[in-house]
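These are my notebook entries on a structure I looked through, written down in the order in which I looked things up.

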Amino acid sequence: MIIDKKTQKYDRQLRLWQASGQTALETAKVCLINGTATGCEILKDLVLPGIGSFTVVDGKIVEGSDVGNTFFLVSDSIGTNRAQAVTEFLQELNEDAKGFHFSEDPVALIENQPEYFLQFSIVITTDLPEKPLLKLADTLWNAKIPLVIVRTIGFIGYFRIVLPEHTVVETHPENVIDLRLDVPFPALEQYVNTFNFETLDSMDHAHVPYVVILLKYLKQWKQDHDGKLPSTSAERNEFKQLVQSGRRNVDEENFDEALASVWKACAATKVPHHVEEIFKNSSCDSITIESSNFWIIARAVRDFVSNEGLGLLPLAGNVPDMKADTSNYVAMQNIYRQKAKEDISAVRTRVHDILNSIGRPAEFISDDEIDSFCKHASFIQVIRYRSLQEEYITEPKKLDIGRWLQDPQANIVHYVLIRAMDRFYESHNRYPDAATYFLEDDTEEVSEEAKNEFNTLKTYVDNLLREWEITNYPEHLDNHIHEICRAGSSELANIASLLGGMVSQEVIKLVTKQYIPMNNTVIFDGVRSTSSSYIL
Amino acid sequence: MIKIWSIKKDNSAAEKKKPKVSAAQIRVQKDLTELALPDTMHMSFPDESDLLNFNLSITPDEGFYRGGVFRFTFNINNNYPHDPPKVRCSQKIYHPNIDLEGNVCLNILREDWKPVLNLNSVLVGLQYLFLEPNADDPLNKDAAEDLRTNRKNFEYNVKQSMRGKDVKGVPFDNVLM
Amino acid sequence: MAEIQMQTDVPTPQDGLEQTNKKCPDRWSHLYKILDRRGPFADPSFTPGHGEEILLNTCKVLVIGAGGLGCEILKNLALSGFKNIEVIDMDTIDLSNLNRQFLFRPSDVGKPKAKVAAEFIMKRATDVKVTYYHGKIQDKDDDYYLGYQLIICGLDSVDARRWINATLVNLVDGEPERIRVLVDGGTEGFKGQARVIIPTITSCYECSLDMLSKQRTFPICTIANTPRLPEHCIEWASVIQWPKERSDIKMDTDEPTHIQWLYETALKRAKEFNITGVTYSLTQGVVKNIIPAIASTNAIIAASCCNEAFKLITNAQPYLNNYMMYTGNEGLYTYTFEHQKKPDCPVCGNERVSMEVSKEITVEDFIEYLQEKQDIQLKKPSLSHANTNEKIYWQSPPFFEQKTRPNLEKKLIEMVKQDDEITVTDTTLPISLQIVISYI
């Protein structure tokens with residue numbers, strides 16, 4: 001077999017998101033506003049794995065300081081359009097990703113032609129002031145296009161995902177075992193009944209799959225206990241004794257496995273709480289021509305659960321490895337797989353009925369997509385992000401911020417400072433930038449200018465706190481104000497690269513719809529080397 | 001805290017070099033010097049300065065394999081004790097848990113190995129294989145079936161194989177020297 | 001944490017700097033703000049305005065590994081003002097590296113990573129000197145490692161990490177000025193960690209060995225007789241069938257024809273047992289123990305390592321004490337904590353004592369003295385010469401006990417010179433004890 005070059009090149013990532021994730025990545029069109037050091041690092045980590053296309057929108061001309069912190073510029077780039085210069089260097093990383101540049105001031109573009117951004121599957125901004133940011137966020141929100149807002153300042157990194165809704169089927173949980181030990185389906189029961197432990201020779205006895213052992217003894221237990229499973233810990237211990245009594249010698253690892261799974265076997269199989277919540281969602285109730293595939297299948301699964309599923313989700317059909325001889329294991333595996341197939345087929349019929357009712361053809365949703373949904377049904381996720389409008393204007397998280405701010409170790413302090421810094425920018429058209437921190441021994445002279453810079457920024461912080469009705473000013477804020485003044489909107493290559501990694505990872509999760517993205521803000525503190533995530 | 005970094009220019013004080021003794025080696029040294037070897041086991045080192053490669057012989061004084069001298073090679077890599085020692089039987093023997101190529105089926109040599117185990121644990125495990133061969137998790141299926149179905153016959157076949165005779169047409173090494 | 005004060009040695013700036021600034025004005029302006037200004041969190045000893053000279057002129061950094069992390073590390077160091085960098089890597093470039101190792105192009109496949117990476121950085125970031133060594137870290141001696149202020153490791157091998165860790169811990173030899181800080185990064189899929197190891201002072205790599213995730217292994221009897229998973233069939237092909245059928249050829253997991261053979265052999269077995277799921281890719285993954293790797297995680301971990309390096313060298317901010325774990329598959333989390341030294345760590349847990357003994361003492365009497373000495377309480381000590389590794393007296397195994405028994409009657413001074421070290425192992429010791437001998 002010859003493995004094609006592309007598969008070889010992407011081998012190490014295909015093991016994480018498979019061909020389906022790769023296809024999603026390769027069809028994504030990402031837009032970066034401002035080719036800053038951080039912006040380029042984000043793109044680097046998206047171009048390398050093969051994003052479909054990237055477009056850099058930037059009206060700036062390259063300066064020496066850009067070359068100093070951006071790997072995708074050289075001294076010859078100085079004086080040229082930054083959008084074009086970085087695009088050319090980024091393009092070199094991977095011929096599969098198509099690079100475009102647009103040398104236009106993004107602030108003006110957002111003001112005059114916001115619909116320009118509707119052509120992309122995701123938009124990332126770095127270094128964009130508050131006003132145009134709010135407008136862009138609004139535009140993209142209405143079009144349901146994800147926006148990622150990124151800031152780096154000194155040792156601090158911040159990013160925020162804005163998107164009305166994100167649904168994930170392939171969350172890649174680490175443990176996907178669904179064996180239905182408490183509620184064996186008929187085919188499984190029949191299979192268990194074919195075993196007669198007494199007549200087995202020692203090798204066969206040591207190779208009975210633990211699933212069969214547990215089901216056998218659970219059946220016996222239920223007969224003796226009015227059809228109930230062991231529920232208290234005393235009962236579970238008693239049940240363990242029962243299992244133990246069937247063991248012939250200490251070497252029987254299958255009995256070890258059975259005993260280790262008693263607790264799980266006695267837990268009732270049911271629809272997980274978070275999936276029930278998803279089913280209760282209004283999007284699941286009213287399916288229209290507008291509904292996404294996710295909600296159509298979710299509705300079909302919900303209906304399956306309340307009908308032929310008998311209160312349970314479709315079976316995933318995976319059987320973990322266990323001590324067993326090959327033929328028994330494979331036979332049992334086939335029984336689970338067969339049941340999973342039947343469940344999927346029932347769900348598929350329901351999906352087709354729903355599609356029919358909204359005037360869509362059956363092929364509108366592929367069988368693979370239905371399969372995948374059924375196999376991951378216990379682990380599906382819906383994330384509803386808050387809009388930037390809510391965060392900044394209509395419903396700021398006043399109480400939470402006030403509470404979080406009291407902890408001097410909490411990274412929320414950087415959020416307050418970034419917001420204050422943005423206000424500083426609104427009125428001064430520059431970011432705070434001065435040495436304002438000096439040793440207390442008076443060996444250094446403190447300039448008026450430095451004092452002013454500190455006090456001005458502090459005024460914006462105070463204003464924000466007042467708006468958020470935070471009355472007790474946390475003392476530790478002062479040091480962070482000094483640190484922001486010191487950083488003077490500098491962008492350090494290390495922090496830029498770190499944020500580049502984090503943001504690109506979340507972008508990959510958003511476009512592949514695999515794994516669970518963060519909700520909604522992450523702040524990294526490179527002084528303490530800690531990060532926090534907040535819902536703001 | 002570490003304040004300012006600079007290279008110490010004069011390294012003459014560092015003339016006397018310690019040899020590169022790896023962490024694996026120190027750990028093996030500790031394991032070896034603390035072994036309590038029973039009379040039924042004997043260890044030898046073809047290269048005395050190489051502690052990572054050695055031979056072990058087991059002379060069971062009871063059970064099916066009484067009277068035989070069974071030889072094993074131990075190869076320990078520099079990832080010890082993160083990786084288990086590689087143990088092989090260097091003779092062709094008739095045993096349910098050792099195949100004709102010398103592979104040994106002992107859980108702590110593979111799936112159940114952990115760094116807190118040591119060479120002593122492995123030796124105990126090997127010794128146990130000769131006292132209580134496990135017929136239910138076979139590596140040599142024929143031998144295991146023999147043991148499961150007809151202990152007398154198995155005992156006879158073991159004795160034959162130890163003398164270097166054929167069992168079911170397969171020749172074995174004489175282990176009675 | 002112990003206080004270590006090091007000598008300040010700031011030479012005068014070199015002319016090269018002027019040239020750089022002419023060609024690229026304000027190149028370091030982002031860094032200057034941090035380096036030239038005092039900050040509330042910086043150590044009080046931080047001197048604004050000195051950092052640039054330290055970074056640009058005196059600091060030599062060694063980067064171990066020019067792979068996924070290494071490429072990122074080199075780039076970050078070059079953009080953080082580090083001017084003297086050496087990189088070591090023994091590998092050559094493979095096509096599967098190109099999804100993250102961004103200093104390499106398809107035309108570089110087959111070339112040494114260290115060379116291509118070093119040359120790329122120098123081409124892109126002028127005035128940064130990157131030298132390289134295409135070979136093993138084990139080829140280099142103590143003096144080599146002493147020549148760098150800081151060592152940053154981006155390795156994928158446990159073995160190599162343990163080696164460099166032990167080397168740097170042993171390097172210290174009781175003299176704080178021989179401490180070389182190790183910044184270590186590692187990634188696995190969406191997870192990773194960055195840590196600062198100050199040899200002999202913080203916990204070391206060996207201390208945390210039990211945190212490593214274990215490679216998945218299967219019982220050999222399952223592989224041989226009761227396969228259930230596609231992995232069992234693949235292991236059967238590689239562990240059992242290869243030595244049987246192809247014992248004349250050494251298996252090379254980088255050789256596609258070998259993987260092909262294993263795949264076909266495994267597939268045949270899987271069919272025979274009705275097992276599904278054997279693919280070429282899985283075969284490759286199992287036999288090479290492939291760990292997924294992506295650009296994003298490498299960027300995060302490498303940047304964190306370089307951020308710590310920058311802070312350690314410039315003092316502009318406090319550095320990480322001492323471990324940051326990162327996980328990004330479900331949300332995005334970091335966990336920063338102080339990993340504790342392990343008392344029985346075979347690398348940094350060795351106790352070291354000095355003893356004065358008579359020139360006349362025999363080995364046997366010395367052992368008896370160790371057993372009677374209240375403060376160490378040894379039961380059956382075995383002794384080796386720490387510098388030559390020669391066995392002095394071993395209690396076990398009998399093979400060595402017999403060989404070393406004649407030494408018991410010898411005078412200790414015949415085997416151990418003044419100021420030499422003895423390594424002692426004993427059941428009562430967590431790992432070993434080093435005794436420095438002086439004679440009276």
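I began with two helices of chain A, H2 (residues 11-26) and H24 (residues 493-512), whose axes come within 8 Å and cross at roughly 95°. H2(A) and H24(A) are therefore roughly perpendicular to each other, since I take 65 to 115 degrees as roughly perpendicular, under 35 as roughly parallel, over 145 as roughly antiparallel and the rest as oblique. The axes here are lines fitted to C-alpha atoms, for helices over the stretch in contact, and the angles run from 0 to 180 degrees between N-to-C directions. Helices (H or I, at least four residues) and strands (E, at least two) are DSSP runs, numbered from the N terminus.

I noted that this is a predicted model, in which local features need pLDDT of at least 70 and side-chain atom pairs count only at pLDDT 80 or more, while totals for chains, interfaces and linings use all residues. Residues are numbered from 1 along each chain as its sequence is written, and chains are lettered from A and ligands numbered from 1 in the order in which they are written.

Which residues of H2(A) and H24(A) meet? I found A:Trp17, A:Gly21, A:Ala24 and A:Leu25 on the side of H2(A), facing A:Ile508, A:Val511 and A:Thr512 of H24(A); two residues are in contact if their C-beta atoms, placed from the backbone, lie within 7 Å. The residues of this contact divide into 5 nonpolar, 2 polar and no charged, where Ala, Val, Leu, Ile, Met, Phe, Trp, Tyr, Cys and Pro count as nonpolar, Asp, Glu, Lys and Arg as charged, and the others, Gly among them, as polar.

Next I followed H24(A) to chain C, where H24(A) packs with helix H4(C) at an angle of about 145°, the axes being 8 Å apart. The residues that make this contact are A:Ala493, A:Asn494 and A:Ser497 from H24(A), and C:Glu72, C:Asn76 and C:Leu79 from H4(C). I sorted them into 2 nonpolar, 3 polar and 1 charged.

I then looked at the loops on either side of H24(A). In the loop between helix H23 (477-487) and H24 of chain A lies A:Ser489, which has a positive phi of about 55° although it is not a glycine. Is A:Tyr515, in the loop between H24 and strand S9 (521-525) of chain A, buried or exposed? A:Tyr515 is buried, with 23 other C-beta atoms within 10 Å, whereas A:Ser489 has 18 C-beta neighbours inside 10 Å and counts as partly exposed. The rule is that a residue is buried if 20 or more other C-beta atoms lie within 10 Å of its own, exposed if 12 or fewer, and partly exposed in between, with C-beta atoms placed from the backbone. Phi of A:Tyr515 is also positive, near 60°. In the loop between H24 and S9 I also found A:Asn520, joined to A:Asn519 by a cis peptide bond with omega about -10°.

My next entry is on how chains C and A meet. In this interface 66 residues of chain C are in contact with 72 residues of chain A. H12(C) gives the largest share of the side of chain C, 10 residues, and that side divides into 31 nonpolar, 23 polar and 12 charged residues.

C:Cys221 is in helix H8 (residues 220-225) of chain C and counts as buried because 24 C-beta neighbours lie inside 10 Å. Leaving out residues up to four places away in sequence, C:Cys221 touches B:Cys105, B:Asp137, B:Pro138 and B:Leu139.
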